[in-house]
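I opened this notebook to record what I looked up in the structure.

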Amino acid sequence: MKQAIYFIGGVTNLALALVGVALPILPTTPFALAAVFFFARSSPRFENYVRTHPAVGPYISNYEKGEMTLSAKKKTLGSLWVTMVISMIITGVVVGIWWVPIVLFVVASIVSLHIWRMREP
């Protein structure tokens, strides 16, 4: 049962990663890494498939080497900040929870710093 849940998690994240290749608003790397995580615990065959897939494999290998292309950095940071600003507006203005936008800003800033400092291949 546990293996089936991991497999479903892998399939779901792989699908999101593949959609992220085509849509600039959806990041590819986090979903590809999550797919590898889930497949490593459920199916070595599918883990290898994701790692060698022409569309998402390079994102995984670059990230594991601590590298990210400039275009991937821009795409990732752009989608990160768009979604964070939307979340900040919804939670801060619409819902009225004042501290959530502060936390989101801090998290997004730390993640942005991590991504921006990655080497370029």
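Entry 1: I began with the cut-off for burial: a residue is called buried when its relative accessible area is under 20%. I note also that this is a predicted model. I then looked up Thr 29, which lies in helix H2. Its relative accessibility is 7%, and Thr 29 therefore counts as buried. Which residues are in contact with Thr 29, leaving aside its neighbours within four places in sequence? I found Tyr 59, Tyr 63 and Met 68.

Entry 2: I turned next to H2 as a whole. Helix H2 runs over residues 29–40 and has 12 residues. From its first C-alpha to its last it reaches 16 Å, close to the 16 Å expected. Besides Thr 29, the buried residues of H2 are Ala 32, Ala 34, Ala 35, Val 36 and Phe 39. I asked what covers the buried residues of H2. The cover includes helix H1 (2–22), helix H3 (44–52) and helix H4 (57–64).

Entry 3: I looked up Leu 26, which is found in the loop between H1 and H2. Leaving aside neighbours within four places in sequence, I list its contacts as Leu 16, Val 19, Gly 20, Phe 31, Lys 75 and Ser 79. I also checked Leu 26 against Thr 83: the two are 57 residues apart along the chain, and their C-alpha atoms are separated by 9.4 Å.

**Entry 4: the cores.** I looked for the largest nonpolar core and found that it has 11 residues, including Met 68, Leu 80, Met 84, Leu 104 and Ala 108. Helix H5 (70–95) and helix H6 (99–116) are the elements that give two or more residues to this core. H5 gives the most, with 5 residues. Apart from this core lies another, of 9 residues, among them Ala 35, Phe 39, Val 56 and Ile 60. I then looked up Ala 108, which touches Leu 80, Trp 81 and Met 84, not counting residues up to four places away in sequence.

**Entry 5: H5 against H6.** How do the axes of H5 and H6 cross? I read that they come within 9 Å and cross at roughly 175°. H5 and H6 are therefore roughly antiparallel to each other. Among the residues that make the contact are Leu 77, Leu 80 and Trp 81 of H5, and Leu 104, Phe 105 and Ala 108 of H6. I recorded the residues of the contact of H5 with H6 as 15 nonpolar, 6 polar and 1 charged.

Key:
Residues are numbered from 1 along each chain as its sequence is written. This is a predicted model: local features need pLDDT of at least 70, side-chain atom pairs count only at pLDDT 80 or more; totals for chains, interfaces and linings use all residues. Side-chain values use heavy atoms; hydrogens and water are left out. Helices (H or I, at least four residues) and strands (E, at least two) are DSSP runs, numbered from the N terminus. The expected span of a helix is 1.5 Å times one less than its number of residues. Buried means under 20% relative accessible area, exposed over 50%, partly exposed in between (1.4 Å probe, protein chains only). Contact means heavy atoms within 4.5 Å. A nonpolar core is a set of buried Ala, Val, Leu, Ile, Met, Phe, Trp, Tyr and Cys residues joined through side-chain atoms within 4.5 Å. Axes are lines fitted to C-alpha atoms, for helices over the stretch in contact, and angles run from 0 to 180 degrees between N-to-C directions. Angles under 35 degrees count as roughly parallel, over 145 as roughly antiparallel, 65 to 115 as roughly perpendicular and the rest as oblique. Ala, Val, Leu, Ile, Met, Phe, Trp, Tyr, Cys and Pro count as nonpolar, Asp, Glu, Lys and Arg as charged, and the others, Gly among them, as polar.
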